[in-house]
Structures are given as C-alpha cells and as structure tokens.
Amino acid sequence: MNTPRIPLRRRAAFTLVELLVVIAIIGVLVALLLPAVQAAREAARRSQCVNNLKQWGLAMQMYHDAQGQLPAGATPDPRQTYVMRIWPYIEQAALGQRNDLKLHFYNPPVTIHNTMNGLGGQRLPMYNCPSDFGVDQTTGTYQRCRGNYMINWGNVTYGGTGATLLDRVQTGFAPFSNIDCKRETPRLVKFSSITDGLSNTLLMSEYLKAQNPDDVDWRGDIHNDEGVFRFNTIDSPNSSVADVIPNGWFEKNGDPQMPATAGAFERQKNAARSRHSGGVNALRCDASVAFYSDDVTPNAWKALGTMDGGEVESSN
Amino acid sequence: MSIVRSLYLIGLIAAFSCALGCSKQDPNRGQVTGLVEVDGQPAAEGAIAFTPIDGNSAASGGEIVNGRYTVAANIGPSKVAIRVPKTVGERKLYDTPDSPVRPIQEESLPSQYNDETTLTFDVKPGENEQNFSLKTK
C-alpha cells in the first residue's frame, strides 16, 4: 500500500553555487573599484602636496617683497636654514618672533633637548607631503620635525670649499647656493638676477623624509644647515642613482625609492624624490607648481635647476 | 559544476595575462651585471651609476653588494660612476658620555671613478657583463 506522499515544503534558500557566484561577482567589482579608489586618494594627496608647494612659493614671494631678495638657503654661523626665515611669511608670526636668528638651530629656542617643544618641533602641515610616510625626529636629545620640501641647489654639490660643479652641462647657479661653494657666504638672490626667467627656474621640490625617529638620519632635517634640506638637479627626479650623504647622517633603510651611499661632506648631492608615481611636484620661482616626470630629459632638468644658465631647452 | 570550473578557468587566464604583462621589458634598456673589485678585493658595499653621455636619457643606478651589481641602464655610451665607502672610525651621536656610537664612513675611491669619472661603458640591448677593477691609489 502506498501511503500518500506528503509534499515536502521546499524552504526558500540559495544553493552553494549561487552564493559562490554572487561572492565572485562582488569580488570582481571590488577588484575593479579598488584601484580607482586608491588612485583617487593618491590624486587627492598629490593635490594637497601641490597646495603645500604653492604656499612655500607665496611665502618666498612675500619674503622677496619684504626683504628685496630670497632668503639664504643655510648659514653656518649661526647654524640656521631658510625655514626659520620663512616663518613670518607663512602666518607663523609667533614662531618667527620667538626665534632668534643669532642662535644655532640645535639649541633652544628651535630645539629644546629631549622634547618636541622647540620651535622646530611644531608640526606645520605645509612641511609634509601626505603621500610620504617618513617620520619626525621624536626620540633622543635632538627632536625636530622633518619636512618634504627642499630648496633647489642646482647642479652644484653641497658642502665645503671642495664642492665641485658636477656634470656642468649648464653654466649658472640655482636660486640657492653658496658663493665659491663656501658655506659662510650664501648667495642672496634677487628675482632680477634670475635671467632664465622665473617660470623656467625651479625654486623648490620634494624629497623623502627618513623613516627613523632617531637623530641618525638627516634626510628631511630642514631646520639643520647640515641636514638634507636641499635637492640637486644633477640626477633626474626619483633617480635610481644613489644620493651622496655623509655617513652617520643617514641610515640605509632598504627602501628602493631612497637609494643613498656614504660620501664626503663636500660631495653631497640628492635628487628630487617623491611617493607620487612617475614624477615629483616642483615649485618654480613665479610660485607656479608643476608635475615633472621621471623621464624629463636630464639636460632639461639641469637647465631648470639654474637661474642664469641661458639655456633654451624645453622641459617637455 | 560548470560555473565553478569556468570561474577557475577565468582566474587562471587572468593570472596568466598578468604574468605576461609584467614580464615585458623596456626595449631602451639593457641589463648590466658584473663584479666591482677595489685593490683586488670585491667591494663589500657601494653604488654604481651609468649616465648616458648624450644627456637625453636618464642615468640609472644600482647597489653594489658583495662586489656584485645589476643595473637596468639606458642603452648607449655611458659614463660610469662608482662609489665605495669604507669605515674610517667612530663618532658619538651626541656630546654626552652615554651617547651611542656610530661608525664613520668615507669614500674610499678617488674622484676619477665617480665625480670626475673616466670610466665608460657602451650599454647594449639585452644582457651586458662588465667587471671593474679599481685601485684606491
């Protein structure tokens, strides 16, 4: 005898395959979207970086208006850099007033030992490119902020009297340099002596900060006249050629974007470097900011580095 | 189940095409490898750079590790700059008695090998091999 079949009520549910397909489709969509989101985030960081450089450019213009010349890049006695001189022109009048341009940067008021309370320890957003993940000097005796924005030192190595006019395909100097390569005599430049044209001469660009919070890596130590506060146009942006930095002032961090080797004090050079893919932002003397590709012609980049070289080379 | 298998296949194809895309080489560059010796000994560490003489294509650099280097350099006649640091002493980080001590390194090679280099090499497409035997004096 057959018992009448009771129809099983099928529960409404998804099969495993249906679920897998849905998850796979969502996965593909996310995979498509994620690079776009990351690219948009990086684009936002890059425009923030452009904005920071623009602020530096306006500050330099105002300094020139007020003082009739650009600030000295760095002075060895007292040991200070352009950063302290720019403070009054970036709405940091308080920092500017509390600073004493006759005192070394490594003592109060700029560096208050074992603390970040010195003037150099005050974090200003315009010091930093949001794409870089380097850190401030926050441990040890000498604590200070690092910065990403460096002044243009052109085609001349930095250091003592032995500094050479390296790879001089161009004659001429950068807006920031030392007379006869002597640190005691920084070259004070007026816009009228930038004969290549303000829009054809770089004023500042980017560099990558050290990733060690100790006072052992001076890359990005923009308050320090012996730190890496300037960039050279000797090597192309983001060059794979190693920067030359005196040892003890940098530590190899294995970062392929920060190649460096120990060298003599008077042979220091460093390329413009950034975390933006494919190039660096750079500020020109007319306070305009442009993105320069890593593939910029080396001779054109060197020409951009000089203010009075008389080159006709185009950077495009 | 055919849907699962087709998904698996799509994944395989995607991985394969990625691998193909990544292996593409820049036709304007040649790979240069070799050994750098200083006074007959392999250079423990250092940096090497190939700078095209024409000034129109970018210089390329690489690290020297245990004497060996590998650089993907732009093709054409290039100047070669080599820097090999050597440890010459120690320095205190701070002027306090308990300061940590760090080694001091200096350039060991004369400037004829780096800043005013006389070394040249013609980078050809593909694989290149070039050894350098340098003297500190």
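Biologist: Why is A:Cys181 called buried?

Modeller: The term buried applies under 20% relative accessible area, with exposed over 50% and partly exposed in between (1.4 Å probe, protein chains only). A:Cys181 has 14% relative accessibility, so the residue counts as buried. This is a predicted model, in which local features need pLDDT of at least 70, side-chain atom pairs count only at pLDDT 80 or more, and totals for chains, interfaces and linings use all residues. Residues are numbered from 1 along each chain as its sequence is written, chains are lettered from A and ligands numbered from 1 in the order in which they are written, and side-chain values use heavy atoms, with hydrogens and water left out.

Biologist: What makes A:Cys285 buried?

Modeller: Its relative accessible area is 1%, and A:Cys285 is therefore buried.

Biologist: How many disulfides does a search of the whole structure find?

Modeller: Zero, over all chains. A disulfide is defined as a pair of cysteine sulfur atoms within 2.5 Å.

Biologist: Why is A:Asn155 counted as buried, and where is its place?

Modeller: A:Asn155 has 3% relative accessibility, so A:Asn155 is classed as buried. Its place is the loop between β3 (149-152) and β4 (202-206) of chain A; such strands are DSSP runs (E, at least two residues), as helices are (H or I, at least four), numbered from the N terminus.

Biologist: What makes the pair A:Asn155 and A:Thr233 a polar contact?

Modeller: A polar contact is a pair of N or O atoms within 3.5 Å; within protein, one must be able to donate a hydrogen and the other to accept it, and residues adjacent in sequence count only if both atoms are side-chain atoms. The side chains of A:Asn155 and A:Thr233 are joined by such a contact at 2.7 Å. A polar atom of the A:Asn155 side chain also lies 3.2 Å from the backbone oxygen of A:Lys302.

Biologist: How do you know that B:Glu45 and A:Lys252 form a salt bridge?

Modeller: A salt bridge requires a side-chain nitrogen of Lys or Arg within 4 Å of a carboxyl oxygen of Asp or Glu. For B:Glu45 and A:Lys252 the closest N and O atoms are 3.1 Å apart. Between chain B and chain A the count is four salt bridges.

Biologist: How many residues does the contact take from chain B and from chain A?

Modeller: With contact meaning heavy atoms within 4.5 Å, chain B gives 33 residues and chain A gives 29 residues.
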